[in-house]
Amino acid sequence: MDDRLVFLDILADRYFALSAASSMRFMGLVDEPDRASFDPEPEIAGLFELYDGPNDVAPTTICVPQLDVMPRRAGFSITSLSILSAHASAWLMLRTLPLHKMLRHVSRTSAHRYKDGDIAQCAAAFRASDAIVARTDRCLLKAIAMSLYLRRSGFRAQMVFGVTLDPFRAHCWLQSDTLLLNESYDIARGFTPILVVR
């Protein structure tokens, strides 16, 4: 992204970016590490740990689908109670768990079996909950709540964290392989994905 690498440190719950020069040196060390003379500069030294395994460090690559889900109009129902329960669970998680534990919990939450059915219908029902739950710009709360709801309903989604620079902004959303589930394409396309939680 503009020749700069951006990271989300999920243990420290913070984003950080390297300068363009440090980004080039970092990628050079990742692509062709010279273990005998390994001596990275102080700005990037903490990002490395030497090991003898395969090199699987690479930037996140995921396409943002151009189709998004529109909320459907619906009255209060049992589905509404399930959605409210997911919102309450997400709210509690945000107040009691650090980011890395929240993401681990969300990625491990699963139904007895995953459906091949219409995830769009389930996502549309959730998006309609904006009429019940106060609208908010808290994207992480919404993404966690929808992820919990979809998984409890038997669907799998990907939680994507994206950023922009100058000025720095961060955002997250859910998507399937072909659909944006809780965000519009016009907004999501403005962010470069840096982390995907499956």
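This briefing walks through a hairpin, some ring pairs and a few side-chain links in the structure above. The model is predicted, so to speak of local features we need pLDDT of at least 70, and side-chain atom pairs count only at pLDDT 80 or more, while totals for chains, interfaces and linings use all residues. Residues are numbered from 1 along each chain as its sequence is written, and side-chain values use heavy atoms, with hydrogens and water left out.

**Strands β3 and β4**

- Let's start with strand β3, residues 158–164, which pairs with β4 in the antiparallel sense over seven bridges. Strands here are DSSP runs of E with at least two residues, helices are runs of H or I with at least four, and both are numbered from the N terminus. Two strands pair if DSSP finds at least two bridges between them.
- Strand β4 is largely enclosed by the rest of the structure, because five of its seven residues are buried. Buried means under 20% relative accessible area, exposed means over 50%, and partly exposed is in between (1.4 Å probe, protein chains only).
- In a regular strand, side chains alternate between the two faces of the sheet.

**The turn and its backbone**

- β3 and β4 make a hairpin with four residues between them.
- Asp166 sits in the loop between β3 and β4, and has a positive phi of about 55 degrees although it is not a glycine.
- Asp166 is also exposed, with a relative accessible area of 67%.
- The peptide bond from Asp166 to Pro167 is cis, with omega near 0 degrees. Pro167 is in the loop between β3 and β4 too.
- Asp13 is another non-glycine residue with a positive phi of about 55 degrees. Find Asp13 in the loop between β1 (6–9) and β2 (14–17).

**Aromatic pairs**

- Rings of Phe, Tyr and Trp (for Trp, the six-membered ring) pair if their centres lie within 6.5 Å; planes under 30 degrees apart count as stacked, over 60 as edge-to-face and the rest as tilted. By that rule, there are five aromatic pairs.
- One of them is the tilted pair of Trp173 and Phe191, at 6.5 Å centre to centre and with 55 degrees between the planes. Trp173 lies in strand β4 (residues 169–175) and Phe191 in the loop between α7 (185–188) and β5 (192–197), so this pair ties together parts that are 18 residues apart in sequence.
- Trp173 is buried, at 0% relative accessible area, and Phe191 counts as buried too, at 8%.
- Elsewhere, ring pairs link Phe7, Phe16 and Phe26 into a cluster.

**Gln158 and its surroundings**

- Gln158 belongs to strand β3 and is buried, with a relative accessible area of 12%.
- The side chains of Gln158 and Asp177 are joined by a polar contact of 3.0 Å. A polar contact is a pair of N or O atoms within 3.5 Å; within protein, one must be able to donate a hydrogen and the other to accept it, and residues adjacent in sequence count only if both atoms are side-chain atoms.
- Leaving aside neighbours within four places in sequence, Gln158 is in contact (heavy atoms within 4.5 Å) with residues including Ile62, Trp173, Leu174 and Val196.

**A salt bridge**

- The count comes to one salt bridge, where a side-chain nitrogen of Lys or Arg is within 4 Å of a carboxyl oxygen of Asp or Glu.
- Asp186 and Arg189 form a salt bridge through their side chains, at 3.8 Å, N to O. Both Asp186 and Arg189 are exposed.
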